[in-house]
Amino acid sequence: MTPFLRQVAEKCYKNYASGISDCTFVFQSRRAAKFFQKYIGEAAGVTLFSPNLITVGDFIRQESDLLVADRLFLLLKIYDIYKAILKTDESFDEFAYWGEMLLGDFDDADKYLVNVKELFSNLKDLKEIENHFDYLDEKQKEAILTFWGHWKGEKQGEKNFISVWEHLYDIYRTLNDELRKENLAYEGMVYREVAERMKKGETLFANYNKIIFVGLNALTECEYEIYSHLKNTHDVDFYWDYASPDTTDPSNRASQFRDRNILKFPTKLRLDDEPCEIKHVHIIEMSSTVGQAKHIGEILEGMDMKAVSNQLSTAVVLPDEELLLPLLHSIPREISNVNITMGYPLSKTPLNSLIENLFSLHLNQRPNKGFYFRDAITILSHQYISELSSQASFLLNKIYKENIIYIDRFETDDELIKTIFASAGASASDFIDYLLGILALLRPDTSKATEHEKMKREFIYHYYITLKRLKDLLRNTEMSKKTLLRFVRQFISSVSVPFEGEPLKGLQIMGVLETRNLDFDTLIIPCMNEGIFPKINAGNSYVPYNLRYGFGMPTGEHIDSVYAYHFYRLIFRARNIYFLYNSSAEGLQTGEESRYIMQLRYSKNSNIIIDSVRITCEISKSGKENITVGKSDDVMQEMSKFLSGERKLSASSICTYIACPLKFYLQNIKMMGDTDEVKEELDAAQFGNVFHDTMQELYRPMIDKEVTADFINRLLIEKDLKTIDRTILESFKKKMKIQSPNFQPEGQPLIALHIVKQFVKGMLNYDKMHTPFVYRASEQKFDDMLIPLSDSARQVHIKGFIDRVDEKDGKTRIIDYKTGKCKMGSGSKLEMADIPSLFDKEADLQKKEIFQILLYSLYYNQYKHTPPENIVPKILFVQDLQKYDAQETNCTNILVQDGRNKEKLLFSNECCNEFRKELVACLDEMFSPEKPFEQTMTEKHCSGCNFKNICERKTFEY
């Protein structure tokens, strides 16, 4: 079918020929004007002067001397007036939401020529409605009576509403007066002024000869007034796009404005009727919003992409503008011409997140300390910074490696980094200058013409001019950075970045309102969910529904009618239409398809062919199929490093293999460990390390000496507790990589160090009960342990750290400190069934602590030549030691459970040999080329595993 604008262009050129250059055509949007200009040129076929093409807003505004002020200026102006009249100290942050609504209400009231004084009157005597509102019809009067009748029995909240309501006319009048003094206005003021001047008989629009209005629909009362007077003073014509049967059906909201428009402003040159063509409607149900963007790319790939690039036949309409960025990443590269004409919320851009992070960087800055590391990491990791700064990655690694908590400054030549981490000044104006300086450095290379760079330039440009405008408005206003942040957030939330390209060829991407008057052969419309298209009418107005209806202001039904018209007019001339919607219920989204889809499903229109498809992503996971990694040559080459001594196994890595061979592979062969992390508080591992280091330092003077009760008492007396405090603090600083000599812990670290101190005192008191003993070693490191495999040709290199070794009563005690909780009773950490149970891969609870201490005992037997019967393996759960007397307890001894009996484990020759035998069998399996690395089938072993989210049940080999 012929596009509506082409029909109008051809009809007008046929009738006016070269005289068309003297005509003025008025449209709803600039985009429609561009399309019309193209069609006029094609209809003429020769070069001619273009007619005057203008939008409705520009057409009306140019007849007024008032300039439309920007939104933030108006919001600040009405805020000052509101505070002065109501004598309130309400903050701007609290007022902004209501201020936006009041501006919207005032704009509507003016555009619909409402008597604002009567609207905002406190009508306590309901009879006044009959006396003063005789220009309203009965339904409108009834609506007003119903509303005010509700307020007879006023409660406190209702009284508050009325008290504010009574001042709204004063606010409206004062706002209008102050704006006029500055020759400024909001759009409704301009419309009203022009309409009232024409109503008084003033001649306006004198520079126009023939005026033709094209494709209008929902007219305001000001427009009706202006166009009615123009009919009497000018040569005026109107072209209405009501060709779709849905826009003429009285039962369809899309037809709400048709009868009044055609009756009041009839068309002089009737457009030719065209037969309705068959249209194919594809309804696609998906379970993901972003997935819709991906599927649009697949739809486009199935088309003639060369034609899509060069013709003006295909459009993607986005009811939800947030889908724009995912969509741009999904468009096939073969489509070379893509035109975006829509607004994208500046608050949803990556740039806005960076600005928010910069605010956080300075709001969280500590005096005499510097910037907080979390804020610094967030900024250095941001895509805008990492793309431009060659130093960002280096500085991130520096923070992680040196565990920097507060950053005073970075030693770098990078101008962007230096600017970010410089002082931002004390005032709001200084901070805006700081942000503007960063935005200037972020501007991308103009020689790059990628869509990504173009969009980035648009985001930066609009943020820059927004902040510049904000600075001008706040020039004489003192406020904190926190208040400034609220201002920026509030203002940015209402700013959209308009993308306007060359719209006359290629794939068109637009919002719903940008489709006005335009027609395409192929339409793709995602987000066809109820509440998105059409949008839920939130009713953001201080004027309640009944009063809006009573005074002829637009209501929710009005907005629904506007969107219904846009929808049915848009799809009327299309031949292929794709509707996509998200069927999954997420947050406020119910997963319900749009009412428009439902209406099409039940339409009696025989020209519509509908097919529906549901696209699902089948996600299944078998709990039975195990992941296995075969030991290829590359894997065995990496394993051979443990045989050559290039690398060494630890007790922990062997326990990892027993619990899950696959985890051992990922962690020790593929080297997939934990990500770097800056630690500002003591985690469990660091807590234990501080305790270990403290005990090592306290006992360092006693190595190979006898420890007596007197020695320990000297450490525990009050004045020498300072030694313990100092030792703990130095250990903490070393573990946390703190360089400052004046550092003093506070918050969680202070509490944690106090607990470490209590543990140290408890350990010393426990040791005192077991004095005298000879202290042999602290944190004894070994890396020379060799375990021959059963073939005797290969030996595995093993390393370890023994927390403490001492001697008492002729026995060598191998001691392992544990700062965690000791669980008593069945299944506790200190109980085991037998030696083979330590190597059982299917056991629910791995006895890692017992395995470790027995491995260290084996080392002492093998390399220190200590007879097994003279070795006493002990695990000391420090936080429980204070509960027991000098007698040996379950909390320090390893128990072997035999039926109902529990006996203390003795590291006898038999025990030593059995442990060695089981260890060799485990290592034989580990180094066997035929035995793959398998995923554990015991799901309890997966608890806390870093790899549990990426494991799948399938076989693969590297």
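Q: Which side chain of opposite charge is nearest to Lys-847, a buried residue with no salt bridge?
A: This is a predicted model, and here Lys-847 is buried.

Q: Where does Lys-847 sit, and which backbone oxygen does its side chain reach?
A: Look in the loop between strand 22 (831-832) and helix 35 (848-863), and you'll find Lys-847. Its side chain reaches a backbone atom at 3.1 Å. That atom is the backbone oxygen of Glu-831.

Q: How many Å does helix 10 reach from its first C-alpha to its last?
A: Helix 10 covers residues 187-199, which gives it 13 residues. At 1.5 Å a residue, 18 Å is expected, and the helix comes close to that. Its reach is 18 Å.

Q: Which residue just after helix 10 takes a positive phi?
A: Helix 10 itself has several buried residues, including Tyr-191, Arg-192 and Glu-193. Just after the helix comes a residue with a positive phi of about 100°. It's Gly-201.

Q: Is Cys-655 buried or exposed, and what is its relative accessible area?
A: Buried means under 20% relative accessible area. Cys-655 falls under that cut-off, so it counts as buried. Its relative accessible area is 7%.

Definitions and conventions. Residues are numbered from 1 along each chain as its sequence is written. This is a predicted model: local features need pLDDT of at least 70, side-chain atom pairs count only at pLDDT 80 or more; totals for chains, interfaces and linings use all residues. Side-chain values use heavy atoms; hydrogens and water are left out. Helices (H or I, at least four residues) and strands (E, at least two) are DSSP runs, numbered from the N terminus. Buried means under 20% relative accessible area, exposed over 50%, partly exposed in between (1.4 Å probe, protein chains only). Lys and Arg count as positive and Asp and Glu as negative; His and the chain ends are not counted. A salt bridge is a side-chain nitrogen of Lys or Arg within 4 Å of a carboxyl oxygen of Asp or Glu. A polar contact is a pair of N or O atoms within 3.5 Å; within protein, one must be able to donate a hydrogen and the other to accept it, and residues adjacent in sequence count only if both atoms are side-chain atoms. The expected span of a helix is 1.5 Å times one less than its number of residues.
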